[in-house]
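Biologist: Can you walk me through this one? I would like to start with the chains and then go to single residues.

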Amino acid sequence: MKKEGQVRIPSGCAIAAVISRDGNRMSGERIYHAMKPMHDRSNGLGGGFAGYGIYPEYKDFYALHMFFDCRETRKECEAFLKERFEIVKSERIPTRTIPAITDEPIIWRYFVAPLKSLLVSMQIDEKEFVARTVMKVNAELDGAYVFSSGKNMGTFKAVGFPEDVGVFYKLEEYEGYSWTAHGRYPTNTPGWWGGAHPFTLLDWSVVHNGEISSYDANRRFIEMFGYKCSLQTDTEVITYIMDYLLRIQGLSLGEAASVVAAPFWSTIAAKTDLEDKEKHIFLRTVFPSLLVTGPFSIVLGFDGGLMALNDRLKLRSMVVGEKDDRVFIASEEASIRVMEPDAEHIWAPAGGEPVIVKVKDGAF
Amino acid sequence: MVIDAKDLDSRTLNARLRETQEPCTLVGCCGQRFLAAGMSDKEIRIEGIPGNALGAYLNGASITVCADAQDAVGDTMNAGEIIVHGSIGDTAGYAMRGGKIFVKGNAGYRAGIHMKAYQEKLPVMVIGGTAGSFLGEYQAGGVIAVLGLGAENRKIVGFFPCTGMHGGKMFLRGTCRDIVFPSQVTARPAGSSDMEELRVYVSEYCDLFGCNADRILSSPFTVVTPDSKNPYKQMYAAN
């Protein structure tokens, strides 16, 4: 079968997320049940989850989740990793054999720390080192793919319906302070394990419903900064844009949202808050190639929080609700009701209006 | 008759609805799509959250939703009524050409997109709260009313209302000085004949949701209509 990147087929999708502002840890079971009422938004060609706070015992190490096509590739990749990292633990990711999920690759995880001597000689920080290594493996090591590379977080994804993928990865055995979920209906690429969402780099993860029309404009720009878009899927480029704006450029989450879902010039011109107006003009002028057009609703997961965002025209649905310390986000209210039947303050954010939820300082 | 919707999929639920002639209440509904699609002569009450495209192609049935409804309610409906006691998602009344939709709370984006009218068919949508951006986008016929109840000082519609509107009529509560309309429509204060027409819709809204029509109608309203019935007539050549 041809993989992502080798063929482009000319999207519905489903997303859901939950976070505890108090940093209370929740089992991954509820998030995969939440995908059930949105079953018809996916077609069985991809489902996935990201959990934050799930590896407290290894919170100081990068958790690399990897797919390998065969044992030899894994051995070769491990040799490569050992030259760059101290590997404190390596193991097969536990899975359950179920009829709904077949043809799985070899799925492994490594808890690693970058070799200090390399950081010194390369004169780069830890995160940059990990990001570059992930890019290198994914672009150059045939048959190996890093699909998660953050600290104290992990992505779990597969070809299948999301509710089955959750069972496959035994998500009920993990506890996190936030979870995101995705059900895929691929429209441009054939659907391979690596192409399922979430897409991640370091602790950023993105689940996305939509189909962006600015893919190539965004890709051309972001590839100038060392990112390699190896899968032709629009969500991959959104993930790298977020890493570039937030980690490299140091923008705030709200500012990054204003870059990718910039208001129309007419809307900016009508702003009465002059400082805000000036800022929007600045961001649109400096980062015009990072404006993401076409329909999207995304949830960006990061260390300690979530950000939900719709395209500026709001061509995809998204609702938000709350209950006690928890905030819920989903493509459909029905999904929120599965997570919490008594959810309150259900509302739909406007297009381009970011919803940023953070765990209280020090709560996790 | 009560149908427990829990664990039933859309297809099964619709089959159950088609089988019965008496009024039905669905309990425990959670995201099942296309409920009551194309149905006529039915009275359906829904507890829980119905899925997208509720009452699509509706052809005379009456649907009452006790809580919120999701996207594309009444898509292309022809006749009947849909009453939502909560708020409603995006694209409510998408291309409807007949029947009525009453929403107690707010509507999402693109409410009434491409609503149309045909001969004796005149669709009506009344939104009690506020509406999102692109209200009445490409509206070609019918009536949309936004009452803005509970909006206080917020704008009652989002950005770009009436984009591409070329038919029908819109009533918006207030003077709408803070709303920018496109150039092909005219927004004017509602006159007495407009208010008489509006009273019919608002009274029905108030009967359904229990509020005072006189009080709502005592505030000024703005009427929006397109300037021409055929804005594209001279796009290439006058003919």
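Modeller: What follows goes through the two chains, the contact between them and a few residues.

Biologist: What kind of model is it, and how are things numbered?

Modeller: This is a predicted model, in which local features need pLDDT of at least 70 and side-chain atom pairs count only at pLDDT 80 or more, while totals for chains, interfaces and linings use all residues. Residues are numbered from 1 along each chain as its sequence is written, chains are lettered from A and ligands numbered from 1 in the order in which they are written, and side-chain values use heavy atoms, with hydrogens and water left out.

Biologist: Chain B, then. How many helices and strands?

Modeller: Chain B has three helices and eleven strands. Here helices (H or I, at least four residues) and strands (E, at least two) are DSSP runs, numbered from the N terminus. The order in chain B, from the N terminus on, is β-α-β-β-β-β-β-β-β-β-β-α-α-β.

Biologist: How compact is chain B?

Modeller: Its radius of gyration is 18 Å, close to the 18 Å from the globule rule for 239 residues, so chain B is as compact as a globular protein of that length. The radius is taken over C-alpha atoms, and the rule is 2.2 Å times the number of residues to the power 0.38. The C-alpha trace of chain B spans about 55 × 45 × 30 Å along its principal axes.

Biologist: What share of chain B is buried?

Modeller: Buried residues are 55% of the 239 in chain B. Buried means under 20% relative accessible area, exposed over 50%, and partly exposed in between (1.4 Å probe, protein chains only).

Biologist: Pick a residue in there. Where is Met125(B), and is it buried or exposed?

Modeller: Met125(B) is found in strand β7 (residues 124-127) of chain B. Met125(B) is buried, at a relative accessible area of 0%.

Biologist: Which residues does Met125(B) touch?

Modeller: Leaving out residues up to four places away in sequence, Met125(B) touches Ala92(B), Ile101(B), Ala111(B), Gly112(B), Met115(B), Val143(B), Ile144(B) and Ala145(B). A contact means heavy atoms within 4.5 Å.

Biologist: Over to chain A. What is in it?

Modeller: Chain A has eleven helices and 18 strands. Its radius of gyration, 19 Å, is close to the 21 Å that the globule rule gives for 364 residues, so chain A is as compact as a globular protein of that length. The C-alpha atoms fill a box of roughly 60 × 50 × 45 Å along the principal axes. Of the 364 residues of chain A, 60% count as buried.

Biologist: Which residue of chain A has a positive phi although it is not a glycine?

Modeller: Asn152(A) does, with a phi of about 50°. Asn152(A) is in the loop between β7 (144-148) and β8 (153-158) of chain A, and at 13% relative accessibility Asn152(A) counts as buried.

Biologist: What about Ala72(B)?

Modeller: Ala72(B) also has a positive phi, about 55°, although it is not a glycine. Ala72(B) is in the loop between β4 (59-65) and β5 (79-84) of chain B. Ala72(B) is buried, with a relative accessible area of 13%.

Biologist: Last one. Is Asp361(A) buried or exposed?

Modeller: Asp361(A) counts as exposed, at 80% relative accessibility. Asp361(A) is in the segment after β18 (355-358) of chain A. The C-alpha atoms of Asp361(A) and Asp303(A) are separated by 11 Å, and the two residues are 58 apart along the chain.
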